[in-house]
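Biologist: Please walk me through reading a model like this. I would like the general idea, then the case at hand.

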Amino acid sequence: MIDFGHCESFRNRENGSHMAYKEGNSNLEDTNFASINIHNNVHYTRRDDIESLLYLIIYMYKARLPWRKV
């Protein structure tokens with residue numbers, strides 16, 4: 001259930017600051033639980049993990065996602 005394929009450090013290795021906002025480079029593999037920012041081609045962050053987790057909880061509760069036709 002856990003995919004560590006896109007894991008990155010959220011801290012800059014040189015000075016310890018938070019990584020800067022950047023667009024592009026979002027490889028969208030499974031669109032079922034992907035966050036809105038990933039669909040908009042914004043780079044992955046911890047925020048997207050939380051959003052995807054909430055989508056998973058909705059799926060487990062309702063047995064489907066409201067925005068999916070199937």
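The dialogue below takes the features in turn.

Modeller: Some ground rules. This is a predicted model, where local features need pLDDT of at least 70, side-chain atom pairs count only at pLDDT 80 or more, and totals for chains, interfaces and linings use all residues. Residues are numbered from 1 along each chain as its sequence is written, and side-chain values use heavy atoms, with hydrogens and water left out.

Biologist: How many helices and strands does the protein chain have?

Modeller: Helices (H or I, at least four residues) and strands (E, at least two) are DSSP runs, numbered from the N terminus. Here there are two helices and zero strands. Helix α2 covers residues 46-62. Helix α1 covers 36-39, and a loop holding Asn41 lies between α1 and α2.

Biologist: What share of the residues counts as buried?

Modeller: Buried means under 20% relative accessible area, exposed over 50%, and partly exposed in between (1.4 Å probe, protein chains only). Of the 70 residues in the protein chain, 16% are buried.

Biologist: And the total surface? How much of it belongs to carbon and sulfur atoms?

Modeller: Accessible areas come from the Shrake-Rupley method with a 1.4 Å probe; for residues, only the protein chains shown count as cover. The protein chain has about 6,000 Å² of accessible surface, with 55% belonging to carbon and sulfur atoms.

Biologist: Which residues make the nonpolar surface patch?

Modeller: Patches are made of residues with over 30% relative accessible area and no salt bridge; like charges are joined within 9 Å, nonpolar side chains (Val, Leu, Ile, Met, Phe, Trp, Tyr) within 5 Å. In this model, Ile50, Leu53, Leu54 and Ile57 make a patch of about 380 Å². Take Leu54, in helix α2. Leu54 is partly exposed, at 48% relative accessibility.

Biologist: Which side chains meet in a salt bridge?

Modeller: A salt bridge is a side-chain nitrogen of Lys or Arg within 4 Å of a carboxyl oxygen of Asp or Glu. The count is one. Arg47 pairs with Asp48, at 3.8 Å, N to O. Arg47 is partly exposed, at 43% relative accessibility. Asp48 is buried, at 2%.

Biologist: What does Asp48 contact, leaving aside neighbours within four places in sequence?

Modeller: Contact means heavy atoms within 4.5 Å. Asp48 sits in helix α2. With those neighbours left aside, it contacts Ser35, Asn37, Ile38 and His43. For the protein chain, take contacts with a separation of 6 or more: residues 24 or more positions apart account for 18% of them.

Biologist: Glu51 has no salt bridge; is it buried or exposed?

Modeller: For charge, Lys and Arg count as positive and Asp and Glu as negative; His and the chain ends are not counted. Glu51, in helix α2, is buried. The nearest side chain of opposite charge is Arg47, 5.5 Å away. Not counting residues up to four places away in sequence, Glu51 touches Ser35 and Ile36.

Biologist: What about backbone angles?

Modeller: Most residues other than glycine have a negative phi. Asn41 is not a glycine, yet has a positive phi of about 65°. Asn41 is partly exposed, at 36% relative accessibility.

Biologist: Ala63 has a positive phi too. Where is Ala63 placed?

Modeller: In the segment after α2. Ala63 is exposed, with a relative accessible area of 61%.
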